[in-house]
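Here is a short briefing on a protein fold. Look through the sequence and the model before reading the points below.

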Amino acid sequence: MFILELTYTAPVSAVDAQLEAHVAWLDELYEAGVFIASGRKNPRDGGVIIAVAADRARIEQIAATDPFTVAGVCEYRITEFIATKTAPELGAYREQLPS
């Protein structure tokens with residue numbers, strides 16, 4: 001599982017100019033089963049996405065296609081973790097520690 005932390009590198013007005021395309025991009029990845037939660041940070045200086053994928057390379061590839069990235073209005077920090085404990089509703093995403 002991955003935590004994608006977005007930090008805006010441009011004024012919010014420039015971010016807002018890309019927001020419709022960014023939301024469409026999010027919708028596609030929710031539909032594909034890659035994203036399971038997302039939202040703005042408070043204060044509004046970026047956002048957070050929780051994602052699942054086979055490997056970090058795939059997540060990096062996905063982040064590179066974000067309209068925010070393409071427009072140069074944000075940077076990504078990607079953290080991989082092993083979700084060994086989850087709420088019951090997220091049981092499908094629970095993982096085992098490697099041996």
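How many bridges join β1 to β3, and do these strands run parallel or antiparallel? Six bridges join β1 to β3, and the two strands run antiparallel. The model is predicted.

- Four strands form an open sheet in the order β2-β3-β1-β4, with antiparallel pairing.
- β2 and β4 stand at the edges with a single partner strand each, so one side of each has no neighbour in the sheet.
- From one strand to the next, the twist averages 15 degrees.
- Within the β1 and β3 pairing, Ile3 has Ile50 of β3 as its bridge partner.

**Helices on the sheet**

- Helix α2 packs on the sheet and touches β1, β2, β3 and β4.
- The direction of α2 makes about 160 degrees with that of β2.
- Helix α3 lies across β1, β2, β3 and β4.
- α3 runs at about 165 degrees to β4.

**Salt bridges: the network**

- The structure holds five salt bridges.
- Glu5, Lys41, Asp45 and Arg77 are linked in a network of salt bridges.
- Lys41 pairs with Glu5, and their closest N and O atoms are 3.0 Å apart.
- Lys41 sits in the loop between β2 (35-40) and β3 (46-51), while Glu5 is in strand β1 (residues 2-8), so this pair ties together parts 36 residues apart in sequence.
- Glu5 also forms a salt bridge with Arg77, with the closest N and O atoms 3.6 Å apart.
- Here Glu5 of strand β1 meets Arg77 of strand β4 (residues 74-80), so the pair ties together parts that are 72 residues apart in sequence.

**Exposure within the network**

- Lys41 counts as buried because its relative accessibility is 18%, under the 20% cut-off.
- Glu5 is partly exposed, with a relative accessible area of 24%.
- Arg77 is exposed, because its relative accessible area is 53% and the cut-off is over 50%.

- Arg56 forms a salt bridge with Glu60, and the closest N and O atoms are 2.9 Å apart.
- Both Arg56 and Glu60 lie in helix α3 (residues 56-64).
- Arg56 and Glu60 are four residues apart, about one turn of the helix.
- Arg56 is partly exposed, with a relative accessible area of 32%.
- Glu60 also counts as partly exposed, at 40% relative accessibility.

**A buried histidine**

- Is His22 buried or exposed? His22 counts as buried because its relative accessibility is 7%, under the 20% cut-off.
- Which residues does His22 touch, leaving out those up to four places away in sequence? His22 touches Leu6, Asp66, Pro67 and Phe68.
- Of these contacts, Leu6 falls within strand β1 (residues 2-8).

Methods
Residues numbered from 1 in each chain as written. Predicted model: local features only at pLDDT ≥ 70, side-chain atom pairs only at ≥ 80, totals over all residues. Heavy atoms only, no water. Buried < 20%, exposed > 50% of the residue type's maximum accessible area, 1.4 Å probe, protein only. Contact = heavy atoms within 4.5 Å. Salt bridge = Lys/Arg side-chain N within 4 Å of Asp/Glu carboxyl O. Pairing = 2+ DSSP bridges. Axes fitted to C-alpha atoms, helices over the stretch in contact; angles between N-to-C directions.
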